[in-house]
Amino acid sequence: MGQLGAKTIRKKGGIMLIQGIGAILILAATTLCGFAFAAKEKYRLKDLEEIERGILLMKNQISYLGTPLTELLEQISWKTEGITGLAFQEISRQMEERRGNSAEEIWEGAWLKIGKKSYLTAVDLEELVSFGRTLGFIEKEQREGSMDMLLHYLREKQEGIKKRLEKNGRLYYSMGVLSGLLLVITLL
């Protein structure tokens, strides 16, 4: 073999190295996509759990202590994490400013604004907004009933997500890896 043969072998080796790196990158990217699909559900579950915690705190405070709503929402914002804490903090701040908006409008505006940054679905946000429509009611029983309905919805959704994660969690990861392998085999 002369110089020409050695150059051809080096050239093919360089091409194979680039193909190998490309295959690894494709496999890594599709695997990360699988992880992202599973993580999205986990983050939504965490958001729903924090909202449930906040609503339970609200229900207990209203039922037993009769704390004013702005003070109550501020206390809840300290005790909850993530978007839930931010939402309660924003609602409390706006209610203290008393810009002429009703409690319902403030609640809806805050959740729709902050909900865009969360993993909550449109249905989740609609349930939260419809709960906010009862904030202005004076009757304690009606408020507690709407809290119970929201808590039931949150628990139902959490159970559904847990079952879906248990059933499909590994599927998301596996589909990421397998789709990467399929792409690599097809491209090679």
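The exercises below, each with a worked solution, concern a predicted model.

**Exercise 1.** Work out what span helix H3 (residues 82-97) should have, and compare it with the distance between its end C-alpha atoms.

*Solution.* Just after H3, Arg98 takes a positive phi of about 50°.

**Exercise 2.** Decide whether Glu90, Arg93 and Glu97 are linked by salt bridges, and classify the accessibility of each of these residues.

*Solution.* Begin with Arg93 and Glu90, whose side chains meet in a salt bridge at 2.5 Å, N to O; both residues lie in helix H3, three residues apart, which is about one turn of the helix. Next take Arg93 and Glu97, where the closest N and O atoms are 2.6 Å apart, and where the two residues, again both in helix H3, are four residues apart. The cut-off for a salt bridge is 4 Å, and Glu90, Arg93 and Glu97 are accordingly linked in a network of salt bridges. For accessibility, buried means under 20% and exposed over 50%, with partly exposed in between. Glu90 has a relative accessible area of 15% and is therefore buried, whereas Arg93, at 34%, is partly exposed, and Glu97, at 38%, also counts as partly exposed.

**Exercise 3.** Determine how the rings of Phe88 and Trp107 are arranged, and which parts of the chain the pair ties together.

*Solution.* Phe88 lies in helix H3 and Trp107 in helix H4 (residues 103-115), so the pair ties together parts that are 19 residues apart in sequence. Phe88 is buried, with a relative accessible area of 0%, and Trp107, at 0% relative accessibility, counts as buried too.

**Exercise 4.** Find how Trp107 and Phe131 are arranged, and name the aromatic cluster that contains them.

*Solution.* The ring centres of Trp107 and Phe131 are 5.4 Å apart with planes at 65°, so this pair is edge-to-face. It links distant parts of the chain, because Trp107 is in helix H4 and Phe131 in helix H5 (residues 122-132), 24 residues apart. Phe88, Trp107, Trp111 and Phe131 form one aromatic cluster.

Methods: Residues numbered from 1 in each chain as written. Predicted model: local features only at pLDDT ≥ 70, side-chain atom pairs only at ≥ 80, totals over all residues. Heavy atoms only, no water. Expected span 1.5 Å × (residues − 1). Phe/Tyr/Trp six-rings, centres within 6.5 Å; stacked < 30°, edge-to-face > 60°. Buried < 20%, exposed > 50% of the residue type's maximum accessible area, 1.4 Å probe, protein only.
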